[in-house]
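Hi everyone, thanks for coming. Have a look at the chain on the screen, and I'll talk you through it.

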Amino acid sequence: MGTAAPVAHAEVLGESPAIAFLHRLWKWLWPANVELPPANEAEAPVLTFMDRLRKFLWLSSGLFSAAAFAVPAIGVIAYGTFEGGGTSFLAAVVSACLFGVTTFLNFGPDEA
């Protein structure tokens, strides 16, 4: 058995469904200014120099390999040529291998 509940439609309020949708979207994207309770501040872990160096190696190798793959791809899309992409591809593969090694050795964050 089911129950019937009245549903407020846009036609009841006198506005079109498109305007009602935009109104709901506006309220969802920019809710009313309500005081939020203060969030518990997480304690920042104390990182030694070696910890910072390990995380830097992990992050920089991952970002470099992503950029080295993306730059030739953008060149192919924009200019239609892969000229000079071989060296970038080699650098990307080497950096991706370094990223894999640093990930395997757990240089990255403990939690993702």
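Before anything else, a word on naming: helices (H or I, at least four residues) and strands (E, at least two) are DSSP runs, numbered from the N terminus. W28 sits in helix α2, residues 17-29. Keep in mind that this is a predicted model, where local features need pLDDT of at least 70, side-chain atom pairs count only at pLDDT 80 or more, and totals for chains, interfaces and linings use all residues. Residues are numbered from 1 along each chain as its sequence is written, and side-chain values use heavy atoms, with hydrogens and water left out.

So what's in the chain? There are 4 helices and 0 strands, and from the N terminus on they run α-α-α-α. Of its 112 residues, 13% count as buried. Buried means under 20% relative accessible area, exposed means over 50%, and partly exposed is in between (1.4 Å probe, protein chains only).

Back to W28: is this residue buried or exposed? W28 has a relative accessible area of 66%, so it counts as exposed. There's a nonpolar patch on the surface too, formed by I19, F21, L22, L25, W26, W28, L29 and W30. Like charges are joined within 9 Å, nonpolar side chains (Val, Leu, Ile, Met, Phe, Trp, Tyr) within 5 Å.

Next, α3. This helix has 31 residues and reaches 43 Å from its first C-alpha to its last, close to the 45 Å expected at 1.5 Å a residue. That expected span is 1.5 Å times one less than the number of residues. S61, G62, S65, A68, P72 and G75 are buried in α3, and the buried residues of this helix pack against α4.

Now the rings. The structure holds 3 aromatic pairs. One of them is F69 with F89, edge-to-face, at 5.7 Å centre to centre and 70° between the planes. This pair links distant parts of the chain, with F69 in helix α3 and F89 in helix α4, 20 residues apart. Rings of Phe, Tyr and Trp (its six-membered ring) pair if their centres lie within 6.5 Å; planes under 30 degrees apart count as stacked, over 60 as edge-to-face and the rest as tilted.

Last one: N106 has a positive phi of about 60° although it is not a glycine. Most residues other than glycine have a negative phi. N106 lies in the segment after α4.

Definitions and conventions:
Patch = residues over 30% accessible without salt bridge, like charges linked within 9 Å, V, L, I, M, F, W, Y side chains within 5 Å. Areas by Shrake-Rupley, 256 points an atom, 1.4 Å probe, with all protein chains shown as cover. Salt bridge = Lys/Arg side-chain N within 4 Å of Asp/Glu carboxyl O. Contact = heavy atoms within 4.5 Å.
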